[in-house]
Amino acid sequence: MEKICIGKNIKELRMKLGYTQEQLANELGVTRQTLSNWECEKTIPDSMQLNEISKRLNISIECIMGEEQKGCLLYTSPSPRDTERS
């Protein structure tokens, strides 16, 4: 199973567009530390934050998540209902 590297992708896209952490954080309405935590994979942005990042970097959420280059990398755990035995 491949790891989704959202933070790495955010950092690469930010740097490609010439943003500093401080600049992008200000545009997103978060602290530089929050952005740093995302980029270092310590935390991940929520869906609303991903949407805003997508708009600011002018790129799809799928690209931020690495799906466009590598195929779908979203994995979910089965729900308890799916694992119950009849």
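At what angle do the axes of helix H2 (residues 21-28) and helix H3 (residues 32-39) cross? Select both helices in this predicted model. Their axes cross at roughly 110° and come within 8 Å. Angles of 65 to 115 degrees count as roughly perpendicular, and H2 and H3 are therefore roughly perpendicular to each other.

**Stop 1: the H2-H3 contact**

Show side chains on both helices. From H2, pick Gln21, Glu22, Leu24, Ala25 and Leu28. From H3, pick Arg32, Leu35, Ser36, Trp38 and Glu39. These residues make the contact. Colour them by class: five are nonpolar, two polar and three charged.

**Stop 2: around H2**

Stay on H2 and colour by burial. Gln21, Leu24, Ala25 and Leu28 are its buried residues. Look down the axis. The four cover an arc of only 100°, so they lie on the same side of H2. Now bring back the neighbours. The buried residues of H2 pack against H1, H3 and H4. Then step off the end of the helix to Gly29, which follows H2 and has a positive phi near 75°.

**Stop 3: helix H1**

Move to H1, residues 6-16. Which residues of H1 are buried? Select Ile6, Gly7, Asn9, Ile10, Leu13 and Arg14. Their arc around the axis is only 160°, which puts them on the same side of H1. Turn to the other side of H1, where Met15 and Lys16 are exposed. Go back to the buried residues and display what surrounds them. They pack against H2, H3, H4 and helix H5 (61-64). Just after H1, click on Gly18: its phi is positive, about 80°.

**Stop 4: the largest nonpolar core**

Nonpolar side chains tend to be buried together in soluble globular proteins. Here, the largest nonpolar core has 15 residues. Which members touch the most other members? Select Ile53 and Ile64. Then colour the core by element. H1, H2, H3 and helix H4 (47-57) each give two or more residues to this core.

**Stop 5: Ile64**

What does Ile64 touch, leaving out residues up to four places away in sequence? Start with Ile6, Asn9, Ile10 and Leu13, which are among the residues in contact with Ile64.

How values were computed: Residues numbered from 1 in each chain as written. Predicted model: local features only at pLDDT ≥ 70, side-chain atom pairs only at ≥ 80, totals over all residues. Heavy atoms only, no water. Axes fitted to C-alpha atoms, helices over the stretch in contact; angles between N-to-C directions. Parallel < 35°, antiparallel > 145°, perpendicular 65-115°, else oblique. Contact = heavy atoms within 4.5 Å. Nonpolar A, V, L, I, M, F, W, Y, C, P; charged D, E, K, R; others polar. Core = buried A, V, L, I, M, F, W, Y, C linked by side-chain atoms within 4.5 Å. Buried < 20%, exposed > 50% of the residue type's maximum accessible area, 1.4 Å probe, protein only. Arc of directions from axis to C-beta.
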